[in-house]
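Hi,

Here is the structure I said I'd pass along. Have a look first, and my notes follow below.

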Amino acid sequence: MSAKPGRPRYLQIADDLRSRITSGEYSPGDRIPTKASLMEQWGVALNTVDRAVDELRNDGLIETFHGVGSFVRAPAEPEHPSHEDELEDLRERVARLETQMMDVYANMGLEYPAPAPRKSAKEAG
């Protein structure tokens, strides 16, 4: 492996493994090379490899099982708000907008219009 001047070796190793993971060379569930293999491949000490592996673990890219090895993690699913949370957020936004509109009407000397009566699902359909 070629060294990049000024960049610590453990970060170079982590960068190399990270790019292999993001490119798909190592897929979720794949075992990354052993620490011994990485030490030989990069010509570095165990502490350097440990730091590189720690970087990837801290980034959530791999998980390590003692005595077994380090494996690529599946990407985390993005958290989606529940429909109830989204609905509550929309209700709050509408209430704020309505308050702002009331202020606009009042500043213009106009009466704020009463809301139209809501139609039931049967009437709307």
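The largest pocket is lined by R31, I32, P33, T34, K35, T64, F65, H66, G67, G69 and S70. A pocket here is an open set of points on a 1 Å grid over the protein atoms alone, where a 1.4 Å probe fits, with protein on both sides within 12 Å along at least five of seven lines; lining residues have an atom within 4 Å of a point. Its volume is about 190 Å³, counted as the space filled by probe spheres set on the points, which are joined across faces, edges and corners. β1 (62-65) and β2 (69-72) are the elements that each give two or more residues to that lining.

A word on the source: this is a predicted model, with local features needing pLDDT of at least 70 and side-chain atom pairs counting only at pLDDT 80 or more, while totals for chains, interfaces and linings use all residues. Residues are numbered from 1 along each chain as its sequence is written, and side-chain values use heavy atoms, leaving out hydrogens and water.

Back to those strands: β1 and β2 run antiparallel, joined by four bridges (two strands pair if DSSP finds at least two bridges between them). Together the strands make a hairpin with three residues between them, and G67 in the turn has a positive phi of about 80°.

Overall, the protein chain has five helices and two strands, in the order α-α-α-β-β-α-α from the N terminus. These are DSSP runs numbered from the N terminus: helices are H or I with at least four residues, strands E with at least two.

Cheers
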